[in-house]
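This report goes through selected parts of a two-chain structure, one topic at a time. Please keep the sequence and the 3D view open while reading.

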Amino acid sequence: MDSQPPSIAPSHQPVYIVDGARTPFLKARGKPGPFTPVDLAVQCGRPLLMRQGLAPDAFDQVILGCVNVVSDEMNPARVAALRLGMGAEMPAFSVQINCGSGMQSIDTGYRYIRDGGADLILAGGAEALSHAPLLFKQSAVNWFAQLNQARSLPAKLKALSRFRPSLFKPVIGLQRGLTDPIAGLNMGQTAELVAQLFDIQRESADAYALMSHQRLAAAQEGGWLKDEVIPLFDRHGKQYGQDDGVRPDNSIEALSQLKPVFEKPYGQVTAGNSSQITDGASWVILASEQALIKHNLTPLAVIVDSQWSALEPEIMGLGPVLSSTALLQRQGHQLADIDLWEINEAFAAQVLACLEAWQDAAFCKQVLGLDHPLGRLDPARLNIDGGAISLGHPVGTSGNRIVLHLVKALQRHGLRRGIATECIGGGQSGAMLIETL
Amino acid sequence: MTASVLSALAARRMEIGPFSPAELKVSPRRWQHWHLKRDEQNVAWLLMDKADSSANVLSESVLREFSEIIAALKSDMPSALVIRSAKPGSFCVGADISEFRELHTEPDVINKLVEAHLLAQHLVDLSCPTIAIIHGAALGGGLELALCCDYRLAVKGATFGVPEVLLGLHPGLGGTARLPDLIDPLVAMDMMLTGRTIHDAQASQLGLIDQLLEERHIGKAVTAVLDKQITVDRRNLRARPFRLDWVRRLAAWRMRKQADAKVAPQQYPAPQALIKLWERHGNSPDQVLHREIYSFAHLLNTPSSRNLVRVFFLREQLKALGDPGKGRHKPAPVQHVHVIGAGAMGGDIAGWCALQGLRVSLFDTEPKAIGKALSNLTELCRKKHRSAAQTRDILDRLIPDPDNSGVAVADLVLEAVPEDLQLKRQVYAEIEPRMKPDAILATNTSSIALDKLRSGLADAGRLVGIHFFNPVAQMQLVEVVAHSTARSSALERASTFVGQINRLPAPVSSDPGFLVNRALTPYLVEAIGLLDEGLSAEAIDQVAIDFGMPMGPLELADQVGLDICLGVADMLREQLDSNLPEAPEWLRSKVSKGELGRKTGKGIYRWKHGKVQKKYRRKQAPRGTQERLLLPMLNACMACLREKVIDDADQLDGAMIFATGFPPFRGGPMQYAEQLGFDTIEQQLQQLSEKHGPRFTPDAGWTAPGWTAAPDE
């Protein structure tokens, strides 16, 4: 291959974020919520296209991240595209990389447009964790199968006699989904582990969680999310106007009372300093220069670069350090060159461990190969309007939301450069660098 | 892609036996309305394809050709005869009703029917198996034709009905005999008495069809008939008890009771005639076949049926206004409607548009109102038996739009905010610059003149009135209101929009009250006056019901809302020189107390769960009450015609029937007036005005009806 001339590099064209919108994030309250993933995607997609004056069939492609696909909505991207009236001829596919799915959709669209394969793409994330199914145990499935296969009456009776009431104890699908099959650890346990490795104390995790709630409450009060959040209406006319997991009156005292949920009794990760289980959807519109002109669109930001990294599943929470550092180095930036950061708040301890890692000389040298640690990330620049701890973490949506919110937050403050990054269950992470225009 | 894949392939979907789709388009052809060809199994495929028509009807020439074809087949008998429609939409929708109007006497009708019956009998007697393949609607004569075949195979989605009763008739091509002979006679009678349509699965269950299939399996099903693999049980055990006279008499007694409860026999004689036919002769289908001809001929010549046939054409006429531009430049259909104001009217209009397949955005400053519109739409979908998937799609089309961003993408913006001139102008000032250049601005106002509303607009030509009636999902008529500078293309597109949402447009001018409210108000006001004279509300309403109105004027006032009625009456009194009396003080105080009628639970009547609570009253209204109620309405109609509020008497009659339920069997107010005689009306009004005051002053049009003769005034 060496003898061949180098292949011609594809002419990279800039990729713009034109607009975006999401639903309010609705906390799962022990039963299926009023909306499926596609219901959510349709409700925030319709007004988004309308306010940009875009004909639904003007797009080239629809890409949607979704982890817990419900059985009535296989390939939710396509179902959403059709329900949005985007036409029978609209190609649409769904992407799944667990907690990074909503960013994976943007990144895939970004690469298509950058390489000249498309001009206008709707990229989103949708998740209704409240609809996660109850599952039968494997032993129950086997029992059913045996009963079905039994032909003669004695064989049937024999199969029936193997019934045990315990077979019908359901397995909560979500719990299985949040347990890493390789490491055998629950996501909360991975947070316990990174807290230990970087010496994060319960008190600082609780303090971080409190700040998340306070920041979101302030953003809601200030009306800063108005343009980003589109109210939901169910078919009985009930309106859902705001993210409903926020607790503005939260306090350190209340948080410190909570018992650890994953590693009793000595653990430190509680329901209060973890992200919430939530339903929600989010979209962004990606466009090429040509699409901007053709449809008379005003872009908000340009996507500069993106990076995916991976590490051991047990410490998946440290992922953002890897992907963001790679992005910074490739673009020649320091931590401080980035005006605003969105690091998805899977767990308070996990976010704090990432910040510690950047200040940890040994870690930076051994793992990142840096002579000097990257240093301190100014908390005033991080998750300035709250995050998954106060908002909730609809897994397939969060990656999309942090990019969308980063754009809107940079714009609001007249700032230029931002990174959105998330840790991903299974031991990966994604990061995206954007600049406002 | 140049076309949708599925639509490009659509022509291939239909099973047309030995024909190719191109063959059906060839002209000239042997028969004007039919295609006939045999396949390699010697099955004759006969496709009904009435020339110059989108649907098949059994006109005289269609039947004549059919008769020739049957005769030709007899001389060279095929192995089977398959009859189906070449029209993509339906099998056959019945008789050619326009020909009814050319039959002036009973003997005329009888001659016609005898011929048609003979033809049907030839089909029944054909010695080869005959198979009707039905897709879409098979109605009236269309279904009766299928009943003459040995087998009926239906494609999924087919519907069946014998709606002749809606024209004051009963089936006339043997249906009264063959339908009760084939299926449960009680169901057959019910279908004929109500005119209701039944869907494919029901028809299959009833035994009305022998197989229900997908289009792609028709060929195999025909072969299965040839191979005698389809066996059908034609014993019809359910019909057996009704061969006994006393059983039929008992059943007929019940049917009569039910029919009388719905319509008065003097006003609508068809149900009684049908019941009589079956009761007397039901033990012998041949007798019924024979007697059906005379009964039908008699009914067709009753004024009731003549008027109902007329109303059928009035409806067609209004419908045609909603589909203008045949052959000419057709207005672009509306794809997206934006509704401003999610009150009772705006919310329901938005919901109706979504139900009818349009994309709709709904703005209101109050999110609760938008939510209410959504829940109403969910309920409407349930009432209209929409499936879960259909309901989902309908709700997906209604976009809550608290940011009012739909203005910029809509083809038609419909304003339905409260009746306040300043408020409306303010709304227009805000939205007009954001609207698409060719978009229509429509107002649902009922009481503000359009020339006042247009004054602040940069482009006044785009403003039209699109006036819906309450309840939106039930009232078929929509007034399309013109002002002097409205662009004709905008008006035409507005009418097209009304047609798109399956409503009947009535073009009217922007005179106060337009047509319907102006004609209705004097009638409501007179009812209020009678109430003041000591008559009970029940007695007054009963007079109108006896006349044939669906409800009395006072119940109607409660239903519409006393506040709205009062508002319209005040406006008309102010703006028109019509001698409308002042509203009584008690009415104003009721309105100010919030006793507005149905919506508040109390008005003139008490209302419980949306139902009026009437008391039994022994005392009836005195003679002459009917004239006092109705003549003011007729008088206002005449004024509207004379002033050219609406183009002609036909449109007026249609509008009043479809907006107010003016008794269809009377053919509409102007038709009724003509029957009474203009002179008589003028005299009666004169007498009433001497006795009760100037509000009865006869309109000038009664004595000088120049309005019919002068089209260009």
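## Helices α6 and α7 of chain B

In this predicted model, helix α6 (residues 175–182) of chain B packs with helix α7 (residues 185–194) of chain B at an angle of about 140°, and their axes are 7 Å apart. Angles over 145 degrees would count as roughly antiparallel; α6(B) and α7(B) are therefore oblique to each other. The crossing in which α6(B) passes α7(B) is right-handed.

On the α6(B) side the contact is made by B:Thr176, B:Leu179 and B:Pro180, and on the α7(B) side by B:Pro185, B:Ala188, B:Met189 and B:Met192. By class, the residues of this contact of α6(B) with α7(B) are six nonpolar, one polar and no charged.

## Helices α25 and α27 of chain B

B:Met633, B:Leu634 and B:Cys637 of α25(B) make the contact with B:Pro669, B:Met670 and B:Ala673 of α27(B). The contact of α25(B) with α27(B) has six nonpolar, no polar and no charged residues.

## Helices α3 and α15 of chain A

In chain A, helix α3 (residues 101–114) and helix α15 (residues 395–413) pack with their axes 4 Å apart, at an angle of about 60°. This angle makes α3(A) oblique to α15(A).

From α3(A), the residues A:Ser101, A:Gly102, A:Met103, A:Gln104, A:Ser105 and A:Ile106 meet A:Gly396, A:Thr397, A:Ser398, A:Gly399, A:Asn400, A:Arg401 and A:Val403 in α15(A). The contact of α3(A) with α15(A) divides into three nonpolar, nine polar and one charged residues.

## The six-stranded sheet of chain B

Six strands of chain B form an open sheet with mixed pairing, in the order β1-β2-β3-β4-β6-β9. At the edges stand β1 (34–38) and β9 (211–213) of chain B; each has a single partner strand, so one side of each is left without a neighbour in the sheet. On average, neighbouring strands of this sheet are turned by 20° against each other, direction ignored.

Within the sheet, strand β4 (residues 130–134) and strand β6 (residues 151–155) of chain B run parallel and are joined by four bridges. One pairing is that of B:Ile134, whose bridge partner in β6(B) is B:Ala154. Helix α2 (residues 60–75) of chain B packs on the sheet and touches β1, β2 (43–48) and β3 (80–85) of chain B, and the direction of α2 makes about 15° with that of β1(B).

## The three-stranded sheet of chain B

Another open sheet in chain B has three strands in the order β5-β7-β8, again with mixed pairing. Its edges are β5 (137–139) and β8 (197–199) of chain B, each with a single partner strand, so one side of each is left without a neighbour in the sheet. Neighbouring strands here are turned by 20° against each other on average, direction ignored.

Strand β7 (residues 159–161) of chain B runs parallel to β5(B), and three bridges join them. B:Ala138 has B:Phe160 in β7(B) as its bridge partner.

## Backbone exceptions

Most residues other than glycine have a negative phi, and most peptide bonds are trans. The bond joining A:Lys264 and A:Pro265 is a cis peptide bond, with omega about -5°. A:Pro265 lies in the loop between α9 (252–257) and β10 (278–287) of chain A. In chain B, the peptide bond from B:Asn470 to B:Pro471 is cis, with omega near -5°, and B:Pro471 is in the loop between β15 (463–467) and β16 (477–482).

A:Asn383 is not a glycine, yet has a positive phi of about 45°. A:Asn383 is found in the loop between α13 (361–366) and α14 (388–391) of chain A.

## Annotated domain of chain B

An unreviewed UniProt entry places the annotation "domain: 3-hydroxyacyl-CoA dehydrogenase NAD binding" on residues 336–508 of chain B. Over residues 336–508 the chain is 39% helix and 21% strand, with the end C-alpha atoms 24 Å apart.

Key:
Residues are numbered from 1 along each chain as its sequence is written. Chains are lettered from A and ligands numbered from 1 in the order in which they are written. This is a predicted model: local features need pLDDT of at least 70, side-chain atom pairs count only at pLDDT 80 or more; totals for chains, interfaces and linings use all residues. UniProt positions are given in the numbering used here, feature names are shortened, and annotations may be inferred rather than shown by experiment. Helices (H or I, at least four residues) and strands (E, at least two) are DSSP runs, numbered from the N terminus. Two strands pair if DSSP finds at least two bridges between them. Axes are lines fitted to C-alpha atoms, for helices over the stretch in contact, and angles run from 0 to 180 degrees between N-to-C directions. Angles under 35 degrees count as roughly parallel, over 145 as roughly antiparallel, 65 to 115 as roughly perpendicular and the rest as oblique. A crossing is left-handed if the near helix is turned anticlockwise from the far one by less than a right angle, and right-handed if clockwise. Two residues are in contact if their C-beta atoms, placed from the backbone, lie within 7 Å. Ala, Val, Leu, Ile, Met, Phe, Trp, Tyr, Cys and Pro count as nonpolar, Asp, Glu, Lys and Arg as charged, and the others, Gly among them, as polar.
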